[in-house]
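Biologist: I am new to this structure and would like to go through it slowly. Could we look at it together before I put my questions?

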Amino acid sequence: MKVKCKHCLPKEGIEVPAFSLSDKNRLFEIKQESSIKTVKFLMDNYKLSHLESKYITAHINDRYGKCNRCSFNDLVDEYVNCPKCGALNFNWKVTNK
Ligand SMILES: [Zn+2]
Ligand SMILES: [Zn+2]
């Protein structure tokens, strides 16, 4: 699936692998710990480039429904561009322990 963010490079967006729910949970957890680890994990386990891994990591939401870039707090879709600021959000509904 192709995603785009008007605030980030590359402008044409990137192709995102079809992450399973357990992938999402895992990535979310690692990101809570460290973004650098998340980038490395993506490169090692999904054969993604450094750029793609950084791009994905930067857009994983820290909280469901809340835009990563602005105060918008009502995102409903999973891979969504914020209606307020246009930023891409990986708005994953993960189990937050
Ligand atoms: Zn972005
Ligand atoms: Zn926003």
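Modeller: Asn45 lies in helix H2, where helices (H or I, at least four residues) and strands (E, at least two) are DSSP runs numbered from the N terminus. This is a predicted model, in which local features need pLDDT of at least 70, side-chain atom pairs count only at pLDDT 80 or more, and totals for chains, interfaces and linings use all residues. Residues are numbered from 1 along each chain as its sequence is written, while chains are lettered from A and ligands numbered from 1 in the order in which they are written.

Biologist: As what does Asn45 count, buried, exposed or partly exposed?

Modeller: A residue is buried if 20 or more other C-beta atoms, placed from the backbone, lie within 10 Å of its own, exposed if 12 or fewer, and partly exposed in between. Asn45 has 13 C-beta neighbours inside 10 Å, and therefore counts as partly exposed.

Biologist: Which residues of helix H3 are buried?

Modeller: Helix H3 covers residues 50-59. By the cut-off of 20 or more neighbours, the buried residues in H3 are Ser53, Tyr55, Ile56, Thr57 and His59.

Biologist: How are H2 and H3 oriented to each other?

Modeller: H2 and H3 pack at an angle of about 130 degrees, with their axes 8 Å apart; axes are lines fitted to C-alpha atoms, for helices over the stretch in contact, and angles run from 0 to 180 degrees between N-to-C directions. Angles under 35 degrees count as roughly parallel, over 145 as roughly antiparallel, 65 to 115 as roughly perpendicular and the rest as oblique. H2 and H3 are therefore oblique.
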